[in-house]
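Please work through the exercises below with the sequence and the coordinates open beside you. Each task is followed by a solution that goes step by step.

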Amino acid sequence: MGIKGLHGQLATRDVELGSLRGKRLAIDGHGWLHRACCGCAEEVAEGSVTERYADYVVDRVAALARAGIRCVLVFDGDRAPIKAKTNEERRRRRERCLRKAREVADLVAKNDDTDDGLRDLQRRCYAGALEVTREMVVTTIRKVRDEVDEARKKSSSSNFQRERYQREAAILAECRCLVAPYESDAQLAALCVVGACDGILSEDSDVVAYLAAAEADFLVASKWVDSRISVFRFGHGPRSTANKSSVFGKQLRIFGDFNRSAPSLPEEKKPERKSETEFREEEGGEKKKKSRSAGRMFVQCCVLAGCDYVENVANVGVVTAAKAVADAWSLDDDERLATVVGRLGKKFHVPDVYMDQVAAAELAFYFAPVFDGLDNAACVPFCSLFQTKNAPAVDDDDDDGKKKKKLLKVLGAPVKPEAPQ
């Protein structure tokens, strides 16, 4: 889930949960639900009636409130057409896991002396068969809303005297729930960009690519265990996101910072293409400004490494992808991806449809439909929320622009927001 191998390359640090006091976090509700279901995997996979998964989410929200952190829970909405292949593969995998889980369950039932290894296999198979359904989201939102309503009563009650608990109840009362138009990852980033949230809590690394597209520096929290939580942020841009001594980090240094020129490269790294500091190219005696941004290069690296929208080419991971993009750093943003794919095709087996797939994936990180706020929101393309000249061109001026405009249709049509929760 997310950008393959990206989390392991990011320079995260562990901090106390209390250090985030006073912040409002956009939270990947679907991720929490999936983790919650692992505790009652067999019940959920077999369709038994249970609401334990919703209780888990409520408990997590309450824990954040005790730490002084306000929440906006964001859940996936409709299935985006661009993920049709990924969703179908996941469905088949769930079916295989469910069949395997039932086979193992039969063996366990027939043998009272079954070892722990077989029981553990059964649990893992049931966990692999899990799917977060719309009914589960509705149930969870209802339970969170009930908890919020109770907190509002406590925070305003004169009988609720204990100041600390009253303060926690007031924070819990501000919890909101939102069902995204399609992908929750894009909506999480959108809430930060419009100023509705101060950061993101998600284990899905796709949110990092969305923030890179917006060239936005917001807190991203991932692994949360007890009172410790892992956090990451872009700072000035991609060059500060990884260990400087790592191969990945060295490539990101070539990307540069947000809204800044790339650093001077050593002679062996200089591209063959003629380039100046502002990346201008002489054409017909005039100088034409070339577009080049660190955020766009980071997104292209993520797309080539493999994400939910497109599979990576065999043997091309996040480090190889970063190096390939860095080697083409001087090219125009709209030209770079096709050039990199062409170069990769000389070393690896690249499917014929791969270029269209990566182009659509790149568009997804800029044009994904999102709501532009929490209240009275409209469904708009993600890139319309921030000022950028670096989004992929989709004009009708040339064949490439027309082709990209057609690809936008696979991102999904605008939808109306559900009633605020």
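**Exercise 1: aromatic pairs**

Phe234 and Phe298 are both buried, where buried means under 20% relative accessible area, exposed over 50% and partly exposed in between, with a 1.4 Å probe and protein chains only. The model is a predicted one, in which local features need pLDDT of at least 70 and side-chain atom pairs count only at pLDDT 80 or more, while totals for chains, interfaces and linings use all residues. Residues are numbered from 1 along each chain as its sequence is written, and side-chain values use heavy atoms, with hydrogens and water left out.

Task: determine which geometry the aromatic pair of Phe234 and Phe298 has, and why the pair ties together parts that are apart in sequence.

Solution. Begin with the criterion: rings of Phe, Tyr and Trp (its six-membered ring) pair if their centres lie within 6.5 Å, and planes under 30 degrees apart count as stacked, over 60 as edge-to-face and the rest as tilted. The structure holds 8 aromatic pairs. For Phe234 and Phe298 the centres are 5.3 Å apart and the planes make an angle of 85°, so the pair is edge-to-face. Next, locate the partners: Phe234 lies in the loop between strand 7 (228-232) and helix 10 (247-255), whereas Phe298 belongs to helix 11 (residues 294-305), and the pair therefore ties together parts that are 64 residues apart in sequence. Helices (H or I, at least four residues) and strands (E, at least two) are here DSSP runs, numbered from the N terminus. Finally, Phe234 also forms an edge-to-face pair with Phe232, at 5.4 Å centre to centre and 70° between the planes, and Phe232 is buried as well.

**Exercise 2: the nonpolar cores**

Task: find which residues touch the most other members of the largest nonpolar core.

Solution. A nonpolar core is a set of buried Ala, Val, Leu, Ile, Met, Phe, Trp, Tyr and Cys residues joined through side-chain atoms within 4.5 Å. The largest one has 89 residues, and those touching the most other members are Leu6, Leu191, Phe298, Leu304, Phe365 and Phe382. A second, separate core has 54 residues, including Met136, Leu172, Cys177 and Ile229. Then take Leu304: leaving aside residues up to four places away in sequence, its contacts (heavy atoms within 4.5 Å) include Asn312, Val316, Leu337 and Tyr354.

**Exercise 3: the whole chain**

Task: state how many helices and strands the chain has, and what share of its residues counts as buried.

Solution. The chain has 15 helices and 11 strands, and of its 421 residues 50% count as buried.
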